[in-house]
Amino acid sequence: MTLPNLAPIPELYVSHESAQKLKIEAGNLPSWDLTPRQICDLELLMNGGFFPLKGFLSEADYDGVVDNMRLADGTLWPMPITLDVNEKFAEGIAPGQDIALRDQEGVILAILSVTDKWVPNKAKEAEKVFGADDLAHPAVNYLHNTAGKIYLGGPVTGIQQPVHYDFKARRDTPNELRAYFRKLGWQKIVAFQTRNPLHRAHQELTFRAAREAQANLLIHPVVGMTKPGDVDHFTRVRCYEAVLDQYPQSTTTMSLLNLAMRMAGPREAVWHGLIRKNHGVTHFIVGRDHAGPGKNSQGVDFYGPYDAQTLFKQYEEEIGVTMVDFKHMVYVAEKAQYYPANEVPEGCTVLDISGTELRRRLREGLDIPEWFSFPQVVSELRRTSPARAKQGFTVFFTGLSGSGKSTIANALMVKLMEMGGRPVTLLDGDVVRKHLSSELGFSKEHRDINIKRIGYVASEITKNGGIAICAPIAPYTATRRAVREMIEAYGAFVEVHVATPIEECESRDRKGLYKLAREGKIKEFTGISDPYEVPANPELAVDTTGVDVDHCAHQVILKLESMGLIKA
Ligand code: PPS
């Protein structure tokens, strides 16, 4: 029996033969290299996950979506799905033109027939869609600082799916899931959306939701893009697989969704509902603070904890999916079981561990009780989030030429190697310039390239559990901040300002460069004829005037100890 709600949904792909032909023809078109977020969006456009969208939004659809969550024809759609490009690319594109959309390896995935090209009002988009033009919101930050200035819209012709090498068997298109439900005869399916590892409270919540709706359960985690700083999807999927055993096999399944979340709270919940409907589900769990981005720049939550439930309820009929609302689940010690927070028996002790507290315990290698999570999940998390003393990190020395950066860095390296445990790499300014940046000079542009190269190598070392010690001049605040961001995605970044005054550096003049700079024989010399922006908030500042190197290196060691990065 084919249930009406499980009939195949329209996709945007052409047949295999047409795709081969199109691919060849598309080779001559102007091509746009899709960003990771655009690849996620394109995949769901092409496979029907974003049905009824037929491509990236036109300007009229965009206006409607931003203003009142509706496409120009009145259909409910809460999230702008737009193709943002830079001005340079947009210059050469006019409505009426086709462009090839390529993945990051250059493979052509689709053709966009451009109908619209416009400059969006990003401040308005931020206010209307995300509730505030506040950079503390990750999607607003993305909108202003990552997305291009121009939007292109138009229908998409799908050539091939983006390639995934990971967890292939766990990824399903809407039609694959619909076929699976049809095959098993599932008529009622409740979906659970998540971007976090599943702990006992979630298992309890999903279990109850399925029971309440008398439905089968689809665990539908997002593996595309989630909130910056979330546990990576590789670890999460291993955690989900460990928890899956806890559910009755005949009524529960899991599938991975390559969605790029926006963390838009209420609007996002409505969007999630529509996407899940396209995947064939009948019910959707909306819990506390659904797709919440956290606090705004004033330290206040962007959305109320149950705003998403309210908005979803308002549009429930149009979405075509029934909401299963859930309160926050907490553990009641006396009863040794989970209760919704508003149903806790009087006088009982409530136990809960917040996400922040969990991260702290993981970071510091502290106990995570069994009532909170499953041992397999905790051990997976410990494998990828080892205690800080086992994680990689970067010590980034910055300061004038001759300030003593390299000398302290060398001493620090030896001390850390003596302690053992982690590999240590020294990326000294001079050494880097010889091996990595030999073609570069000392203009601002070249110095920035140089520092970003150092940052990239240090971030790889940090990611892989090593210690990177960098010792360039790095005179610009913005570049140092960019490097910090690169590294903090993987581990700690410890900025050490070697604050030896210029007079002292010049009087030492160990390489004779200051003399040449004063004579004008070296141009753009930091501190003499080129700027050095003093770090405002380094983790540590040391002045080497009249102090021996050993003492300075020891100060760094103490700092690393106090940050929990090394154990005495
Ligand atoms: S930067 O600004 O961070 O890219 O500089 P860095 O890669 O650390 O290179 C600094 C070393 O190059 C020598 N040198 C100069 N420094 C500053 N300004 C100019 N114009 C310049 N020309 C050559 C200098 O020896 C620096 O080494 P350190 O170890 O800092 O003394």
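Figure 1. Ser403 is in contact with Val498, Thr500, Cys505 and Thr544, leaving aside its neighbours within four places in sequence; two residues are in contact if their C-beta atoms, placed from the backbone, lie within 7 Å. The structure is a predicted model, in which local features need pLDDT of at least 70, side-chain atom pairs count only at pLDDT 80 or more, and totals for chains, interfaces and linings use all residues. Residues are numbered from 1 along each chain as its sequence is written. Ser403 is found in the loop between strand 16 and helix 14; helices (H or I, at least four residues) and strands (E, at least two) are DSSP runs, numbered from the N terminus. Ser403 is buried because 29 other C-beta atoms lie within 10 Å. A residue is buried if 20 or more other C-beta atoms lie within 10 Å of its own, exposed if 12 or fewer, and partly exposed in between, with C-beta atoms placed from the backbone. Leu400 is found in the loop between strand 16 (393–398) and helix 14 (405–419), and is buried, with 23 other C-beta atoms within 10 Å. Not counting residues up to four places away in sequence, Leu400 touches Ile473, Thr500, Ile502, Cys505, Thr526, Gly527 and Tyr532. An unreviewed UniProt entry carries the annotation "binding site" for Gly399, Leu400, Ser401, Gly402, Ser403, Gly404, Lys405 and Ser406; UniProt positions are given in the numbering used here, feature names are shortened, and annotations may be inferred rather than shown by experiment.

**Figure 2. The shell around the ligand.** Of the 21 residues around the ligand, Ser401, Gly429, Phe442, Pro472 and Ile473 come nearest. Helix 15 (429–435) and helix 16 (444–463) are the elements that give two or more residues to this shell. A residue is near a molecule or strand if its C-beta atom, placed from the backbone, lies within 6 Å of it. By class, the shell holds nine nonpolar, six polar and six charged residues; Ala, Val, Leu, Ile, Met, Phe, Trp, Tyr, Cys and Pro count as nonpolar, Asp, Glu, Lys and Arg as charged, and the others, Gly among them, as polar.

**Figure 3. Lys523 and Ser443.** Lys523 is found in the loop between helix 19 (513–518) and strand 20 (540–542). With 13 other C-beta atoms within 10 Å, Lys523 is partly exposed. Lys523 and Ser443 are 80 residues apart along the chain, and their C-alpha atoms are separated by 9.4 Å.

Figure 4. The protein is divided into domain 1 (4–158), domain 2 (168–331) and domain 3 (388–562), with bounds that come from an automatic or database domain assignment. The C-alpha centres of domain 1 and domain 2 lie 24 Å apart. Their contact takes 30 residues from domain 1 and 32 residues from domain 2. On the side of domain 1 that touches domain 2, helix 2, helix 5 (122–130) and helix 6 (138–145) each supply at least two residues, and helix 2 provides the largest share, six residues. This side of domain 1 has 19 nonpolar, six polar and five charged residues.

**Figure 5. Nonpolar cores.** The largest nonpolar core has 99 residues, and Leu45, Leu101, Ala110, Leu112, Val190 and Ile285 have the most contacts inside it. Helix 2 gives the most to this core, with six residues, and at least three residues are drawn from each of domain 1 (4–158) and domain 2 (168–331). Another core, of 38 residues, lies apart from it and includes Phe396, Leu400, Ile451 and Val496. A nonpolar core is a set of buried Ala, Val, Leu, Ile, Met, Phe, Trp, Tyr and Cys residues joined through C-beta atoms within 7 Å.

**Figure 6. Ala209 in helix 8.** Ala209 lies in helix 8 (residues 200–213) and counts as buried, with 22 C-beta neighbours inside 10 Å. Leaving aside its neighbours within four places in sequence, Ala209 is in contact with Val190, Ile285, Val324 and Phe326.

Figure 7. Most residues other than glycine have a negative phi, and most peptide bonds are trans. The peptide bond from Phe51 to Pro52 is cis, with omega near 15°; Pro52 is found in the loop between helix 2 (36–46) and strand 2 (55–56). Gln214, in the loop between helix 8 and strand 9 (216–221), has a positive phi, near 50°. Gln214 is exposed, with 9 other C-beta atoms within 10 Å. Asp289 lies in the loop between strand 11 (283–286) and helix 11 (307–319), and its phi, near 55°, is positive. Asp289 counts as partly exposed, with 19 C-beta neighbours inside 10 Å.
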